[in-house]
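I opened the model to look up a helix pair, a strand pair and an annotated site. My notes follow the order of looking.

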Amino acid sequence: MGLKIGITGGIGAGKSIICNIFKVLGVPVYNADQEAKDIMIKSEEVKAALKETFGNETYFEDGSLNRAFLSSKVFGDEAQLKLLNGIVHPAVIRAGEEWSEKQTAVYSLKEAALLFETGSYRQLDYTILVTAPEDIRIARVVARDHTDEAKVRDRISKQMSDKEKSELADFIVINDGIQPLLPQVLHLHQQFLTF
């Protein structure tokens, strides 16, 4: 098992693009956010806990997740969101640790939106923060999700700021559309290969 490196960034920062570059370089990447979606469908333990907490309407009869219902329960309700995260995040962190144990590469990446917020960064050797100016992040999310600017601003306001994250991060990649990404990623890749 090699080095375990986390990568995070606020909504619209572009961490997925950075992860895709690392994948092209042959680096295994664990996507915690995608894993969370999968676990909420596949894990009987998580499904039972979600039904018990939010009601049987959390899942449709075919076993698929009723995302609209669950979103309506937690949106704007900090206590309910905390309950949801308390069920899902430990399962995702466990799955990520099991995945890491199986990796044979010199290093692997764990991509997670809430890397610092959940405290899971403490299990990693290093962390990378992907940053971009807020106006660029907003424009990216509006275009990607076909949503309005006010909703994106609201989501950003609820996230830990880049300033707070940068104090915890070991490395920063700037994805502002001006500084080329490839040299930044290749520089990190070379460093991680020699650690």
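Helix 2 and helix 3 are roughly perpendicular to each other, a label for angles of 65 to 115 degrees. Their axes, lines fitted to C-alpha atoms over the stretch in contact, come within 6 Å and cross at roughly 80°. I take helices as DSSP runs of H or I with at least four residues, and strands as runs of E with at least two, numbered from the N terminus.

I noted the basis of the values. This is a predicted model, where local features need pLDDT of at least 70, side-chain atom pairs count only at pLDDT 80 or more, and totals for chains, interfaces and linings use all residues. Residues are numbered from 1 along each chain as its sequence is written, and side-chain values use heavy atoms, without hydrogens and water.

I then listed the contacts (heavy atoms within 4.5 Å): Ile39, Met40, Ile41 and Lys42 of helix 2 meet Glu44, Val46, Lys47 and Leu50 of helix 3. Five of these residues are nonpolar, none polar and three charged.

Next I checked the strands. Strand 4 (residues 126-131) runs parallel to strand 5, joined by four bridges; pairing takes at least two DSSP bridges. Ile128 stands opposite Phe171.

Last, I looked up the site. The unreviewed UniProt entry gives a "binding site" at Gly12, Ala13, Gly14, Lys15, Ser16 and Ile17; such annotations may be inferred rather than shown by experiment. Gly12 lies in the loop between strand 1 and helix 1. Gly12 is buried at 8% relative accessibility, whereas Ser16 is partly exposed at 41%. The cut-offs are under 20% for buried, over 50% for exposed and in between for partly exposed, with a 1.4 Å probe and protein chains only.

Notes: Axes are lines fitted to C-alpha atoms, for helices over the stretch in contact, and angles run from 0 to 180 degrees between N-to-C directions. Angles under 35 degrees count as roughly parallel, over 145 as roughly antiparallel, 65 to 115 as roughly perpendicular and the rest as oblique. Ala, Val, Leu, Ile, Met, Phe, Trp, Tyr, Cys and Pro count as nonpolar, Asp, Glu, Lys and Arg as charged, and the others, Gly among them, as polar.
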